[in-house]
Amino acid sequence: MCYGRIMAVTQGVPAGRPREFDLDQALDRAVEVFWRQGYEATSLADLTAAMKIGKPSLYAAFGNKEQLFRRVLDRYSEGPGSYAVRALEEPTARKVVEAFLKGAVEATTRPQCPHGCLGVQAALAASDDGVAVHDLLTAWRDSARAMLEVRFRAALAEGDLTKGADPARLARYVMTLSFGLAVQAAGGAEADELLGVVEEVLLGWRS
């Protein structure tokens with residue numbers, strides 16, 4: 001596993017019938033497959049091979065491919081993607097932006113993990129079969145943007161942002177930067193290069 005276990009998952013296990021595989025490990029392996037290949041390029045054969053389980057076990061434990069992906073996205077959000085929620089707890093808007101963007105760099109350039117963002121890689125779903133996942137990821141990204149906007153509105157009310165700042169525009173700006181960093185990471189940019197970009201952004205950040 002490139003990032004280890006995140007949380008224990010025990011729901012759905014019938015009493016008296018222990019599973020023949022580790023549910024946590026199987027889910028973590030599914031995260032890596034979707035993260036590396038995207039949603040549409042990942043087949044059930046890819047998943048069962050990586051998760052080391054058969055199709056009946058996959059369906060019994062996780063449901064179909066789309067249902068599994070929903071579990072995967074939650075898993076990713078609670079693990080590598082958890083920087084987004086933590087960043088909101090920073091004391092100033094500038095610190096929020098710094099933590100958010102540096103967190104994005106760390107999450108997308110982890111050693112032994114796929115580079116880039118699972119939410120960006122998987123969003124390359126284009127066929128009719130991928131519409132539900134496309135919509136899911138759109139809502140996932142918009143949720144992060146909305147949380148940033150709420151945090152920036154609070155900063156504006158507290159006098160932490162200059163009068164006339166637009167929290168909605170700032171939130172979209174930060175999200176655009178974070179996904180740009182993810183694309184650069186997927187293209188092979190190193191962490192120190194991307195952290196340099198973050199430093200350039202912070203130099204021009206409004207107070």
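Thr-109 lies in the loop between H6 and helix H7 (118-121). The model discussed here is predicted.

Student: Is Thr-109 buried or exposed, and what is its relative accessible area?

Tutor: Thr-109 belongs to the loop that joins H6 to H7. A residue counts as buried under 20% relative accessible area. Thr-109 is therefore buried, its relative accessible area being 12%.

Student: Which backbone oxygen does the side chain of Thr-109 reach?

Tutor: Leaving aside neighbours within four places in sequence, Thr-109 is in contact with His-115, Ala-185, Ala-189, Ala-191 and Leu-194. The side chain of Thr-109 also reaches a backbone oxygen at 2.6 Å, and that oxygen belongs to Val-105.

Student: Gln-112 is found in the loop between H6 and H7 as well. What is its phi near?

Tutor: Gln-112 counts as exposed, because its relative accessibility is 70% and exposed means over 50%. Its phi is positive although the residue is not glycine, with a value near 70 degrees.

Student: Where is Lys-52 placed, and what is its relative accessible area?

Tutor: Lys-52 sits in the loop between helix H2 (44-51) and helix H3 (55-62). Phi of Lys-52 is near 60 degrees, again a positive value in a residue other than glycine. Exposed means over 50%, so Lys-52 is exposed, with a relative accessible area of 60%.

Student: The UniProt annotation "DNA-binding region", from an unreviewed entry, covers residues 43-62. How far apart are the end C-alpha atoms over these residues?

Tutor: That annotation comes from the UniProt record and may be inferred rather than shown by experiment. Over residues 43-62 the chain is 80% helix and 0% strand, and the distance between the end C-alpha atoms is 15 Å.

Student: How many helices does the chain have?

Tutor: Read along the sequence, the pattern is α-α-α-α-α-α-α-α-α-α. The chain has 0 strands, and its helices number 10.

Student: What percentage of the 207 residues is buried?

Tutor: Among contacts in the chain with a separation of 6 or more, 66% are between residues 24 or more positions apart. As for burial, the share of buried residues among the 207 in the chain is 44%.

Student: Which elements give two or more residues to the lining of the largest cavity?

Tutor: A search of the whole structure finds 1 cavity of 30 Å³ or more, and the largest cavity has a volume of about 40 Å³. Its lining is formed by Tyr-76, Tyr-83, Ala-104, Ala-107, Thr-108, Cys-117, Ser-178, Phe-179 and Ala-182. The elements that give two or more residues to this lining are helix H6 (93-108) and helix H9 (167-186).

Student: Which residues is Tyr-83 in contact with, leaving aside its neighbours within four places in sequence?

Tutor: Tyr-83 has its place in helix H5 (residues 83-87) and counts as buried because its relative accessibility is 15%, buried meaning under 20%. Tyr-83 and Leu-101 are 18 residues apart in sequence, and their C-alpha atoms are 9.0 Å apart in space. With the neighbours in sequence set aside, the contacts of Tyr-83 are Ala-99, Phe-100, Gly-103, Ala-104 and Ala-107.

Methods
Residues numbered from 1 in each chain as written. Heavy atoms only, no water. Helix = DSSP H or I, 4+ residues; strand = E, 2+ residues; numbered from the N terminus. 1 Å grid on protein atoms, 1.4 Å probe; cavity = no way out; pocket = protein on both sides within 12 Å on 5 of 7 lines; lining within 4 Å. Points joined across faces, edges and corners; volume = space filled by probe spheres on them. Buried < 20%, exposed > 50% of the residue type's maximum accessible area, 1.4 Å probe, protein only. Polar contact = N/O pair within 3.5 Å; in protein donor to acceptor, adjacent residues only side chain to side chain. Contact = heavy atoms within 4.5 Å.
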